[in-house]
Amino acid sequence: MAESYRLTATEALKLIKSNELTVQDYARSLLSRIESRDETVKAWAYLNEDLVLEEARKLDEIPPDQRGPLHGVAIGVKDVIYTKDMPTEHNSPLYIKSQVPVDAASVAILRAAGALIFGKTTTTEFASTVVGPPTCNPHDPTRTPGGSSSGSGAAVGDFQVPIALGTQTGGSTIRPGSFNGVYALKPTWGAISREGQKIYSVILDTLGIYGRSVEDLEILAEVLGVKDDVVSGFEGVSGAKFGVVKGPVWKKAGSGTIAAMDKAKTLLESHGAIVEEVELPAEFDNMPDWHAKIMAGDGRVAFLSEYRVDKTRIHESLVGHVEGVKGYSRAEELAAFDGVAMLRPRIDEIAGRYAAILTPSVPDEAPVGIESTGSAAFNGMWTALHVPVINIPGFKGENAMPVGLSLVAPRYHDQHLLNVSKAVGAIFEKEGGWKSSL
């Protein structure tokens, strides 16, 4: 199957299960795609073709009745997440060829489910700066794929793997999802184990998932243990209520995002939804400042070890965190921690009035240049509030590059949000105006 690299994970699973596709043939197709595109996209920090094919061979030898729910599905892993058979370098000169002989919890779970861990995807330094790795946007190599999960978003967007793991502290899952035109889930904080990955902020860091369909996100989320207390009662877009939140940084929205928000509202209403503008209470205007202070406070601790080893070999922004160059006092950090904590149940109550909240994913389409990974201005608030967020592709900017929008639900309503996203995604992808040309 020369074109099997284009399969979603769900499609690949079906063919492998029916013996119409071997894991080895599937892996070879993906490797061929990577070989043809790697010089342009550069999504991989580590990829060992021999290891991939050997693991694929072992998976093919497993009897059908012993195969897991992700048998043979190829998954890219962001290079801040430990993999026992591959280096984890954090895009840092301090960790060149560093290899920890254990899997992160997420990777161990995926392997046990039969996934084919394909390789390590590129990231910014410690997933903590906006300085881009060499990765380019597959839809226009002159533009950034976003960060810090640069390689994960680009690899999925370019059909190099159907699924990849990322992380998010600010906007490092949702932003690459939008820039690369794929679905991206940042689950409820704490819904998926972060054991075995470099932590920037214990209060903010969340594992993220990329896929080209919501069904793929659902399969992965289920394997990783994401579960709601109550089964969603969502029955479709018609008659459902959606809240539109532009948020405290709406002034940063460019023409692509403004047009996408307007069109999304029109599309939802044309399919029978009730769409309301939601003005968040004034306290939410503090969220950008509070998020920044939490990142600075946690960064002071997170990078102290690397700072003490050799501060000349880490980025100046990380040195700045350790040295407290922004001058935030402990009292200011505590005020940020407490302020955000008080708003979490409030956003749960507000979001709970709707099937989902519709909000921007990014200021606009991916900016030109790969030196910077772009702005996470629209993401930090939702990350700090610990709510689940999904980027839905389907719209485009002035340069025909993808622009996604986010759906948000209350905490631990991830399965509900996935249900809603399937219905909304089908509309946005069909009628939003953007189609991948890859």
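**Close-up views of a predicted protein chain**

**View 1. The whole chain and how its parts meet.** In the protein chain, 78% of the contacts with a separation of 6 or more are between residues 24 or more positions apart; a contact here means heavy atoms within 4.5 Å. This is a predicted model, in which local features need pLDDT of at least 70 and side-chain atom pairs count only at pLDDT 80 or more, while totals for chains, interfaces and linings use all residues. Residues are numbered from 1 along each chain as its sequence is written, and side-chain values use heavy atoms, with hydrogens and water left out. The chain has 14 helices and 11 strands, which are DSSP runs (helices H or I, at least four residues; strands E, at least two) numbered from the N terminus. Its radius of gyration is 20 Å, close to the 22 Å that the globule rule gives for 438 residues, so the chain is as compact as a globular protein of that length. That radius is taken over C-alpha atoms, and the rule is 2.2 Å times the number of residues to the power 0.38. The C-alpha trace spans about 60 × 60 × 45 Å along its principal axes.

**View 2. The largest pocket.** Let's look into an opening of about 820 Å³. A pocket is an open set of points on a 1 Å grid over the protein atoms alone, where a 1.4 Å probe fits, with protein on both sides within 12 Å along at least five of seven lines; lining residues have an atom within 4 Å of a point. Of the 43 lining residues, Val-130, His-291, Ala-292, Met-295 and Ala-376 are the closest to the centre of this pocket. Helix H9 (287-302), helix H11 (316-323) and helix H13 (380-385) each give two or more residues to the lining, and H9 gives the most, with seven.

**View 3. The second largest pocket.** Here the space is about 280 Å³. Its lining has 16 residues, and Gly-181, Arg-212, Glu-429, Trp-434 and Ser-436 lie nearest the centre. Helix H5 (150-157) and strand E10 (389-396) each supply at least two residues of this lining.

**View 4. Helix H5, a covered helix.** Eight of the eight residues of H5 are buried, meaning under 20% relative accessible area (1.4 Å probe, protein chains only). Among them are Ser-150, Ala-154 and Val-156. Just after H5, look for Phe-159, which takes a positive phi of about 65 degrees.

**View 5. The largest nonpolar core.** A nonpolar core is a set of buried Ala, Val, Leu, Ile, Met, Phe, Trp, Tyr and Cys residues joined through side-chain atoms within 4.5 Å. Of the 59 residues in the largest one, Leu-110, Leu-220, Phe-242, Leu-268, Leu-358 and Phe-428 touch the most other members. Helix H14 (residues 414-431) provides the largest share of this core, six residues. A second, separate core of 34 residues includes Trp-290, Val-340, Ala-351 and Val-408.

**View 6. Gly-76 in its strand.** You will find Gly-76 in strand E2 (residues 74-78). Gly-76 is buried, with a relative accessible area of 0%. Leaving out residues up to four places away in sequence, Gly-76 touches Trp-44, Gly-119, Thr-121, Val-161, Ile-163, Ala-164 and Leu-165. Gly-339 is 263 residues from Gly-76 in sequence, and the two are 36 Å apart in space, C-alpha to C-alpha.

How values were computed: Grid points are joined across faces, edges and corners, and a volume is the space filled by probe spheres set on the points. Buried means under 20% relative accessible area, exposed over 50%, partly exposed in between (1.4 Å probe, protein chains only).
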